[in-house]
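User: I have just opened this entry and would like a guided tour. Could we go through it together?
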Amino acid sequence: MDRSIELAVVVSAVDYGEADRIVTLLTEHRGRVSAFAAGARKSKRRFAGALEPGTLLRAHLVARRGSTWRLDSVDLDRSHLALRTDLPRLSRALYALELCRELVRDEQPHPALFRILVEYLGQLEANRAGPTSLIAFELAALGLAGFMPRFSACALCGGGLVEPVRFDADHGGCVCGPCGLRTAHGVPVSRELAAALAGLQAGERTPMPADQRARARELLNRFVAHQLGRRLNAVDFMAQLGLD
Amino acid sequence: MTPAPLNRLVAQLAKLPGIGEKTAQRLAFHLLRSPPEYALELSGAIQEVVAQVRLCPRCFSLAEGALCPLCTDARREDRVLCVVEGVADLLAIERTREFKGRYHVLHGVLSPLEGVGPDQLRIRELITRLGDSPVEEIIVATNPDVEGEATALYLMRLLKPMGVKVSRIAQGIPMGGDLEYADQATLARALQGRREL
């Protein structure tokens with residue numbers, strides 16, 4: 001029987017039956033893994049408090065038939081409890097978790113994505129990650145998953161971003177004025193915003209003003225929905241609560 | 001092969017949460033073997049529940065009449081309101097016999113990952129209710145999980161500006177518990193929420 005101990009972040013968990021849970025984990029070396037945690041809702045010793053989204057743990061997994069593992073027990077590494085005292089930070093953490101869950105496929109390792117997620121959760125918990133940090137995280141996660149949107153040059157011709165610049169999710173980023181004439185679904189975007197997003201992709205951490213963040217959020221929502229085929233649930237949740 | 005009414009019963013039972021096809025079949029055969037009065041009483045009880053039990057328009061708990069017994073009980077304290085996720089939680093708190101105030105049932109919790117926002121819960125009704133009641137304190141008794149905490153934080157943001165005291169139920173070591181066997185998250189929470197003696 002294949003057994004494995006994996007460092008993992010709980011990205012989501014759903015109740016199953018009377019007392020069980022099915023947990024989705026982003027593991028460091030196995031990528032996304034679904035695990036069946038028998039008796040998890042009643043167990044006070046093996047899982048209590050640990051199978052919550054955002055928890056970093058060592059999962060003791062046992063292979064079963066099919067794609068779902070059995071979660072035998074966990075060793076808690078970091079529960080990120082401080083996130084649960086602040087709604088904006090908690091929402092950002094849940095957004096990051098949902099994004100990572102959707103960006104990867106089962107059992108395809110993404111150690112770099114795992115590492116930036118763990119780092120981001122740590123920064124959120126330490127209150128060192130403001131609203132711009134979520135956009136920076138999102139851009140980094142998209143890049144690591146192979147969906148890097150292009151903001152520094154035209155996604156079609158590779159040249160400079162000549163006005164009027166448009167953002168076209170179909171073509172993977174910003175397109176220059178002349179190329180924009182050939183794209184059907186592009187939306188106008190200022191060169192300042194494109195430059196700010198390119199800066200975040202390059203590792204700059206200058207906080208963006210609220211109106212620029214709102215515009216960036218629109219573009220990224222459009223891009224992520226295009227790549228994943230649906231909007232993330234956390235997007236609508238944050239919009240309803242007026243959070244970013 | 002099996003009679004059509006039995007198939008229909010199995011199909012209906014299998015729609016219940018936690019009941020699969022096999023269990024539904026077993027339950028159906030049990031009903032068939034039981035005295036006919038039992039099956040009639042069961043169907044009568046289901047019909048009564050459907051016809052007579054409604055959500056209380058004030059607290060959204062279950063009611064048989066216009067309001068639920070908890071809302072009509074004049075001995076209960078009007079100034080304290082306990083907000084719970086579901087009716088089962090209300091019943092659990094009632095069993096303690098410690099709380100003498102009123103209740104408000106949200107019928108769910110905010111769930112960012114499932115896309116459940118404030119509009120899907122009875123939060124608007126809670127705000128309306130506060131407008132014409134003498135509530136001074138709201139105790140948020142949602143579960144101590146991520147969704148429950150998100151709901152509590154949202155309610156705090158919403159209710160604090162209205163001048164209402166908002167409190168959260170305590171979390172930590174259970175009565176009769178043993179520190180040695182307590183899980184790390186609960187123990188950490190208990191330390192954070194320690195109180196002066």
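User: Where is B:R97 found?
Analyst: This is a predicted model. In it, B:R97 lies in the loop of chain B that runs between α5 (87-96) and β4 (102-105).

User: And what is its phi like?
Analyst: B:R97 has a positive phi of about 60 degrees, although this residue is not a glycine.

User: Staying with chain B, which domains are assigned?
Analyst: The assignment gives chain B a domain 1 (4-52) and a domain 2 (76-170 + 181-192). The centres of these two domains of chain B, taken over C-alpha atoms, are separated by 35 Å.

User: What about the domains of chain A?
Analyst: For chain A the assignment lists domain 1 (3-81) and domain 2 (130-240). Here 34 Å separate the domain centres, again taken over C-alpha atoms.

User: Now the strands. What does β1(A) pair with?
Analyst: Strand β1(A) pairs with β4 (residues 56-62) of chain A in the antiparallel sense, over seven bridges. β1(A) is also joined by eight bridges to β2 (residues 20-27) of chain A, and these two strands run antiparallel as well.

User: What holds paired strands together in general?
Analyst: Strands of a sheet pair through backbone hydrogen bonds, in either a parallel or an antiparallel arrangement.

User: Which residue stands opposite A:I5?
Analyst: A:I5 stands opposite A:H60, which belongs to β4(A). On the β2(A) side, A:D15 has A:R21 as its bridge partner.

User: How many residues sit between β1(A) and β2(A)?
Analyst: Three residues lie between them, and the two strands form a hairpin. In the turn, A:G17 has a positive phi of about 65 degrees.

User: Which salt bridge partner does A:R3 have?
Analyst: A:R3 forms a salt bridge with A:D72, and their closest N and O atoms are 3.3 Å apart. The pair links distant parts of the chain: A:R3 is in β1 of chain A and A:D72 in β5 (residues 69-78) of chain A, 69 residues apart.

User: How many salt bridges are there over all chains?
Analyst: The count comes to 24 salt bridges over all chains.

User: And how many of them cross between chain A and chain B?
Analyst: Across that interface the rule finds zero salt bridges. Four residue pairs are in polar contact there, with both residues at pLDDT 80 or more.

User: Changing topic: where is the cis peptide bond at A:P164?
Analyst: The bond from A:E163 to A:P164 is cis, with omega near -5 degrees. A:P164 is in the loop between α3 (131-144) and β6 of chain A.

User: What sheet does β6 belong to?
Analyst: β6 is part of an open sheet of three strands in chain A, with the order β7-β6-β8 and antiparallel pairing. The edge strands are β7 (173-175) and β8 (187-188) of chain A, each of which pairs on one side only.

User: How many bridges link β6 and β8 there?
Analyst: Strand β6 (residues 166-168) of chain A and β8(A) pair over two bridges, in the antiparallel sense. A:R166 has A:P188 in β8(A) as its bridge partner.

Terms used:
Residues numbered from 1 in each chain as written. Chains lettered and ligands numbered in written order. Predicted model: local features only at pLDDT ≥ 70, side-chain atom pairs only at ≥ 80, totals over all residues. Heavy atoms only, no water. Pairing = 2+ DSSP bridges. Helix = DSSP H or I, 4+ residues; strand = E, 2+ residues; numbered from the N terminus. Salt bridge = Lys/Arg side-chain N within 4 Å of Asp/Glu carboxyl O. Polar contact = N/O pair within 3.5 Å; in protein donor to acceptor, adjacent residues only side chain to side chain. Domains from an automatic or database assignment.
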